[in-house]
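Please walk through the structure shown below.

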Amino acid sequence: MEIGFIGLGKMGFPMARRLIEAGHKLTVFDTSKDARDRLVALGAAAASSPKDIADRVETVMASLPSLQASLEVATGPGGVIEGTRVRRFIDLSTVGSRMAVKINDLLAIKNIVQIDSPVSGGVSGAEKGTLAVMVSGPRADFELVKSALDVIGKVFFIGTKPGSGQTMKLANNFLSATAMVATSEAVVMGVKSGLDPAVMIDVINAGSGLNTASRDKFPRSVLPRSFDFGFATGLMVKDVRLAVEEMRALGLSMEVAEAVGRLWEVVIRDEGPESDFTAAIKPIEKAAGV
Ligand code: NAD
């Protein structure tokens, strides 16, 4: 299938590479020329703008770092919306349901279908093609692109309601964000009283405290103090803020989410948006004096 791909970062690059390896014909764009060149070296064609891509192919995918970037790429000047050939826009980014609905409605004016497809599973999942892909949009268009999405990971059709894939993704990432800070607090409590953090993680992973932070993030990034898991604090805070907003918009007051949201605001203030999100343990250690 001919596919346009916009946003070739930590997630976009390995997803686009897998699509090329699976035999799809890719035309790519990223504001970073280096990112574009890396894909061209693997056989992709380079485009000069989102519109240029949308003039050349019917199906455009995007993996972008902010709500504003998705909105601009999809509907701004020089965006996908101005393309002459494009029929559908598959957004693999996490933008929250309100932004997904806004993009959906603006594209619909030009008869472009939005297929909302946020993903979960991190850079290693993107490399291995094992991401959870949470799709919402018209079923007929979904069926047309499902074989390409299968290359990226395990595909779940969440519903036809615009933005429902995003709601699913925010529920997932709220849990991932909570696991990270809750496991950090548990480990810091142990360290403060003299326990070995490596032993603690082994015990937790053999016990009922097992979670994605104790299973993956602590052994690979926190215990070796490398803090290089591959997901930026700025992106995690974006997702936590979106999850809290989503709950509030539904009239819900969720106590754990509010507390987790406050903790992540401390992490982004102290560690900065470019830090790896596994650095969330550092302000917790600092406050505990360990
Ligand atoms: P990233 O910052 O590594 O990559 C984003 C890429 O988009 C960069 O190459 C950047 O140059 C490019 N870009 C930015 N603005 C652009 C524009 N206007 N036009 C074209 N290109 C532009 O981000 P990432 O970690 O790959 O995350 C991408 C999306 O995937 C985010 O929505 C994130 O929340 C989501 N996500 C990330 C992970 C992860 O583990 N990193 C996991 C699941 C979901």
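**Ligand shell, domains and annotated lysine**

The shell around the ligand takes at least three residues from each of two domains, domain 1 (2-160) and domain 2 (167-288); the domain bounds come from an automatic or database domain assignment. This is a predicted model, in which local features need pLDDT of at least 70 and side-chain atom pairs count only at pLDDT 80 or more, while totals for chains, interfaces and linings use all residues. Residues are numbered from 1 along each chain as its sequence is written. The average pLDDT of the protein is 97, and 100% of the residues score at least 70; pLDDT is the predictor's confidence in each residue, from 0 to 100. The scores for the model are ipTM 0.99 and pTM 0.94.

There are 27 residues around the ligand, and G7, G9, K10, M11 and S93 come nearest. A residue is near a molecule or strand if its C-beta atom, placed from the backbone, lies within 6 Å of it. Helix 4 (67-75) gives the most to this shell, with three residues. Strand 7 (119-120) and helix 6 (122-128) each supply at least two. Helices (H or I, at least four residues) and strands (E, at least two) are DSSP runs, numbered from the N terminus. By class, the shell consists of 13 nonpolar, eleven polar and three charged residues. Here Ala, Val, Leu, Ile, Met, Phe, Trp, Tyr, Cys and Pro count as nonpolar, Asp, Glu, Lys and Arg as charged, and the others, Gly among them, as polar.

How do the two domains meet? Their centres, taken over C-alpha atoms, are separated by 28 Å. Eleven residues of domain 1 are in contact with 13 residues of domain 2, where contact requires C-beta atoms, placed from the backbone, to lie within 7 Å. On the side of domain 1 that touches domain 2, helix 5 (96-108) and helix 6 each supply at least two residues. That side has five nonpolar, five polar and one charged residues.

The last stop is K169, which UniProt lists under "active site" in an unreviewed entry. UniProt positions are given in the numbering used here, feature names are shortened, and annotations may be inferred rather than shown by experiment. K169 is placed in helix 8 (residues 164-192). K169 counts as buried because it has 28 C-beta neighbours inside 10 Å; the cut-offs, with C-beta atoms placed from the backbone, are 20 or more others within 10 Å for buried, 12 or fewer for exposed, and partly exposed in between. Not counting residues up to four places away in sequence, K169 touches T94, P118, S120 and M134.
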